[in-house]
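Here's a quick briefing to read with the model open beside you. Take the topics in any order you like.

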Amino acid sequence: MIPLRIVETEREDFDQPVVELWRDDEFVGMVFWDDDTPVVQIYPDDDGDVKDLDVRELIRVLDMAEQIVSPVADAAEFAELRASLGIRRAEPDAEDEADDGGGGDEQSWESEHPATMTLLDEFDPQAVHRTSDGEGFFPRPVAEEFIKRCDELDLAVVEMEGFDLEGAVLVPRPNLDLVVRVQGPTAWDVFRPAANARALDTLLDWPSRATLVVAFVLQQPDGDTIVA
């Protein structure tokens, strides 16, 4: 499942910051302070359908969003935490982009981090399956090299999921799953190698069957996350 990310914005009609919730380039909703209560608004998708959200991921994101919008939060503490988690403040026109259903803080591929572009150029052709939204799935031997290359390029694997590719059908394996999260402010040059080492160790413990394929979410040094 594509992870949620948050973008801190300033809006004219709000006294406190507003936190936008995004999933890749899809606007999910926003969190804001109303009187003495944090409020979350979740929007339907472009077709008017409901969104399926990971409950644990949603709770984590909402907890952080509440601290950002709260007028009584410790500003210095959460400024430091924002930086460690790569939470960005949107540019002034981000509100208009969000209203239009656009990408807000999302970067175009042409302006993506150079290390990410290098990685994708090398490994995109090695994906054995891609979903309609572009998520790639890699055979286990390729996945091992993928993680090692991430470390060389100063990128971190922060999510990893295993599936079996049976013909053209992806079969989820709920027990083959890894999520790496920052626990408090952590320097990138400490977090990145630790995340990649954990990802590689986890992958090596997974079954070596030929049908196993792996999907990744990466984090860049600037804090942005990318679905490979």
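How are α5 and α6 oriented to each other, roughly parallel or roughly antiparallel? They come out roughly antiparallel: the angle between them is about 170°, and anything over 145 degrees counts that way. Keep in mind that this is a predicted model.

**The chain overall**

- You're looking at a chain of 228 residues, and 43% of them are buried.
- The chain has six helices and 11 strands.
- Take the contacts between residues at least 6 apart in sequence: 60% of those join residues at least 24 apart.

**The α5/α6 pair**

- Two packed helices are described by the angle between their axes and the distance between the axes.
- Here the partners are α5, residues 140-152, and α6, residues 188-205, and their axes sit 9 Å apart.
- On the α5 side, the residues making the contact are R140, A143, E144, I147, K148, C150 and D151.
- They meet R192, P193, N196, A199, L200, L203 and L204 on the α6 side.

- Helix α1 covers residues 55-69, so to speak a run of 15 residues.
- From first C-alpha to last, α1 reaches 21 Å, close to the 21 Å expected at 1.5 Å a residue.
- Its buried residues are E57, V61, M64, A65, I68 and V69.
- Those residues cover an arc of only 130° around the axis, so they end up on the same side of α1.
- Turn to the face of α1 pointing away from the buried side and you'll find V55, R56 and I59, which are exposed.

**Aromatic rings**

- The structure holds nine aromatic pairs.
- One of them is F138 with F216: the ring centres are 6.2 Å apart and the planes meet at 45°, so this pair counts as tilted.
- F138 belongs to strand β7 (residues 136-139) and F216 to strand β10 (residues 212-219), so the pair ties together parts that are 78 residues apart in sequence.
- Both F138 and F216 are buried.
- These two also belong to an aromatic cluster, together with F123 and F146.

**P114 in helix α4**

- P114 is in helix α4, which runs over residues 114-123.
- Is P114 buried or exposed? Its relative accessibility is 58%, so P114 counts as exposed.
- P114 and Q220 are 106 residues apart along the chain, yet their C-alpha atoms are separated by 9.9 Å.

**Two loop residues with positive phi**

- D35 isn't a glycine, but its phi is positive, at about 60°.
- You'll find D35 in the loop between β3 (26-34) and β4 (37-42).
- With 70% relative accessibility, D35 counts as exposed.
- D154 isn't a glycine either, and its phi is also positive, near 65°.
- Where does D154 lie? Look in the loop between α5 and β8 (156-166).
- D154 has a relative accessible area of 27%, so D154 is partly exposed.

How values were computed. Residues are numbered from 1 along each chain as its sequence is written. This is a predicted model: local features need pLDDT of at least 70, side-chain atom pairs count only at pLDDT 80 or more; totals for chains, interfaces and linings use all residues. Side-chain values use heavy atoms; hydrogens and water are left out. Helices (H or I, at least four residues) and strands (E, at least two) are DSSP runs, numbered from the N terminus. The expected span of a helix is 1.5 Å times one less than its number of residues. Buried means under 20% relative accessible area, exposed over 50%, partly exposed in between (1.4 Å probe, protein chains only). The arc is that of the directions from the helix axis to the C-beta atoms. Rings of Phe, Tyr and Trp (its six-membered ring) pair if their centres lie within 6.5 Å; planes under 30 degrees apart count as stacked, over 60 as edge-to-face and the rest as tilted. Axes are lines fitted to C-alpha atoms, for helices over the stretch in contact, and angles run from 0 to 180 degrees between N-to-C directions. Angles under 35 degrees count as roughly parallel, over 145 as roughly antiparallel, 65 to 115 as roughly perpendicular and the rest as oblique. Contact means heavy atoms within 4.5 Å.
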